[in-house]
Amino acid sequence: MNGALDLAQKKLLDHVLKELGKPTKMDAITGHPMGGLLGVLRKGFSYAQVGRPTAKFGPLMAFPPANPQLTSVVDQADAVKLRVLRQVRFDTKTTETIDVVLTANGLPVVTLELKTDNTQTVNDAITQYKVDRVPGPTRALLAPGRALVHFGVSNDRVFMTTKLAGADTVFLPFNQGDDGHEGNPPSPTGSATDYLWRTILARPMFMRIVKDFALYEPGRSKKKDGRLVFPRFHQLRAVERIVTDIEKQGPGGRYLVWHSAGSGKTKTIAWLSHRLIRHMGADATSTFDSVIVVTDRTVLDENVREDMNLVQSSAGLVVNIGAVSGAKSAQVKDALIEGGHIITCTLQTFPHVMKLIEDTDELRGRRWAIVADEAHSSQTGSSARALKSLLVDVELDDDEEISADDLLAATDSAIAKSANITFVALTATPKAKTLRLFGTKVDGEDRWQAFDNYTMAQAIEEGFILDVLTNYSTYDMFLRVKSALDENDETEVETRRAVKDIVRFAQLHPTAIAQKVQVVVEHFRRNVAGLLAGQARAMVVTSGRKDAVLWSEKMNAYIAARGYDQEFKTLVAFSGTVENDAGQDVTEVSMNGVSDVATAFREEDEYKVLIVANKFQTGFDEPRLMAMYVDKVLTDIATVQTLSRLNRIYPGKSAPMVVDFVNSPESVQRDFERYYTDAHVAGEVDANALIELAERLDASGLYTEAQLRAVSEAYINQQGGEAIQAALSPIKRAWTRELQKAKFTHDKERYEELKQFRSDVISYRNAWQFLSQIVDYQDEDLRLRAVLMTLLARHLHLTPEIYDDSYMEGVQLGGVKLVPDKVSENYALSPAGGESQTLDLPTFGTHDHSDGAKPRGPLEVAIGKVNELFGARGVDANPTSVAGFITAYWGYLDADAEVVAMAKSNTVEQLDASAKFSDAAEYAAFQAFQDAGEIKKALADADVMDKLISISAEMMHAEHHGKVDEGETV
């Protein structure tokens, strides 16, 4: 009898192992995961035997219910046995052990390798997982999906992974952050990492993570496997802090979550929304009747919906609104009345949802939670006009953009002052208005700040995103235009408007576009196309829909004419219908020949370049984007949002490239400084630095030419990791042995030489990435050496520190003017700390824009000024005194009503960084030029003009800031 029982139990356990080994999938009906660890823990499984009815086993782990009055479920959750096992064998053929394994009802859920910083670092734990904890047939515990997460832990740092894959395993930081930077602050109770076992892995939080946060995410394409997801520390912290504060303070609060780009905001939104809709008070009543999630664009709405559906839920819990007509549908109204739903909508449809709430008697007094993603992002055009018609309580100028801030302010005017509405805003780049609207007031101070913050600095330092300013190139376009009118034609024009129109005409002229297209295509082929094993992508950012269409036509024609269409193709993204230069109406579908641009760009190998206007400029997540070509004026938040499309990490991805035809790196850096506490400019880099480094490296005697070629050929010919390591190992060994010998013999001079060799290796790697884009060396040896140094840089370690501290790590590109040897400055964001920057709140008033008539003059005058603006320098003229020029210049600038209004409402720094103010100052200078030849020549120097603009900003600010015109409100 016992033998039969033992056999039956063994068969059942074998079946459990089989279920654990199944790939995880999501049940679309129940919303539960199926198969793998999550499926067994949260859904259970069925077990069939011959001659017996099928047995159905429910979830093997019970969780505390949202409703505290379900006492039987509470008892079941309390009965779950959580165990900590030390030195657990994981291989049936060896005696190897893992330091710690955490189990739930006997099933392994978490593994940990522990290291003390007295003798080792967290890097040793990571190496142990990668080298000694490789999954295999006799290592079931290490197989994908068998454990939820694997932690590498030291006294100071925590790293995690959800999938072990040998050397390809990707570990992510799971650290708290330290004053806006990576790492952990000291702990008064022990190690800096004791939060992991005192809080995260303590029973209440551990049970909540397994129940509400752990999820399975399918691959985005058929070529990619899915993965288990464990929340990053800041995601978990933000959700739990908000829920805890609501439990303490009650609903009706406002919360600003300031999380950097690349922080995983869409998953944070999904986890938070599910937590809020399921949350109940002690009296077993739901805290919220509905949760409404607002995104600023359709592409973001799709991302949110995808992540929302990953979280375990029943069918119908999430109701999606895709269009304005859908917002008025009976389905939405029924969902609102029924309650208990998460409703996702776009910025366009949100006002309709709020109006429905106001107009429906059954919905009065309900409790709402509104979660807004990128709350500041704006809409223009027809969408903005439609939205403005609904904002009866908000005063907006006809030409003013509309944003989620304005929408929520309107909602605030109507119903949001009630305690039954809770607002949560998530953003990577908050405006001052957003901070004031959603921020948390600091006790005892007239100051508002984010409720939870994950900085750009921390995200970059932790390796979650890349610094997008480390490879920045600029091109200046010098144009000259002329009049085709009869010389006797005295056509009068509004001079300033004519200047802008002619500039726009010149920039969009097919010839000008064609020159930029050539730069883009050839740069992409030479510097980008071969990266990421040929999977690298690029984006062209244009000023508008018509620009995007023209770029697409010219680029496709250039690619076809040169036979490059066998290498790659382009896609163009824009909304609606556009008339091209041939007078034809074209759409995104008609130009691309595909119905879904985003999917085609991600999944079809032939499409490598995406041309965008506003669509996909923000909120589009493609980690393989390696380059961006900018032909659009970017300012403030738009700068950060746009360039941040490049910052996503991807295996093998190095510093992304930016080629900018319009903006200056200095203005771009200033925009980034507002959202990254400290930025700096490093020194210039000489183009000959690469050759000098090569000579110094070759003279070290640590490798031969044959070894250099062996490593390079193994890598270029894709001979595999083992072949590369075999070729690389002798060089690593030579350096390591020499280093050890120098330490042992106290040979300080030799030790410094070896340290210098390591620095030179890293410097060469970065210099190659930097200089090869602008200097065509045509030297095969330099390229082969770059392969060696890139590989070698990862293996030369002086100490077991986590991050490379080479002083050359932040080298980057400054500016180029179509001359391959003109290298400007570096614009890397600083890893150093800095004080929190203060954002000035805007002043709201009315300004008179009708002072005086617009200056008018002959068309030839405007054309001449445009030529001067684009660089027709050095023209001789009669001398004019500097004092006379400044007097005239100031008169023109101070007479500009728009400039005066800007000076009243902005700081000196904001004026100095403003593209509008810069344009106005340059135009005022051209008005004052007249015959001032020497002044004209001096101001042709960009540095001189920049200084004049800065002085002007200070003068205008001092003259007008704080003044109130008669009838004006502040």
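Visitor: What makes tyrosine 195 and phenylalanine 233 count as buried rather than exposed?
Guide: In this predicted model, buried means a relative accessible area under 20%, and both tyrosine 195 and phenylalanine 233 are buried by that cut-off.

Visitor: Why is the pair of tyrosine 195 and phenylalanine 233 called edge-to-face?
Guide: Their centres are 5.4 Å apart, which is within the 6.5 Å limit, and their planes stand at 75°, which is over 60 degrees, so the pair counts as edge-to-face. Tyrosine 195 belongs to helix α5 and phenylalanine 233 to helix α7, 38 residues apart, so that the pair links distant parts of the chain. Ring pairs also join these two with Phe151, Phe174 and Phe230 in a cluster.

Visitor: How do you know that arginine 241 lies over the face of phenylalanine 451?
Guide: The distance from the ring centre is 4.5 Å, and the definition asks for CZ of Arg within 6 Å and within 35 degrees of the ring normal, so arginine 241 qualifies.

Visitor: What makes strands β31 and β32 a pair?
Guide: At least two bridges are required, and 4 bridges join β31 to β32, so these parallel strands are paired. Within them, tyrosine 629 stands opposite valine 659 of β32.

How values were computed
Residues are numbered from 1 along each chain as its sequence is written. This is a predicted model: local features need pLDDT of at least 70, side-chain atom pairs count only at pLDDT 80 or more; totals for chains, interfaces and linings use all residues. Side-chain values use heavy atoms; hydrogens and water are left out. Rings of Phe, Tyr and Trp (its six-membered ring) pair if their centres lie within 6.5 Å; planes under 30 degrees apart count as stacked, over 60 as edge-to-face and the rest as tilted. Helices (H or I, at least four residues) and strands (E, at least two) are DSSP runs, numbered from the N terminus. Buried means under 20% relative accessible area, exposed over 50%, partly exposed in between (1.4 Å probe, protein chains only).
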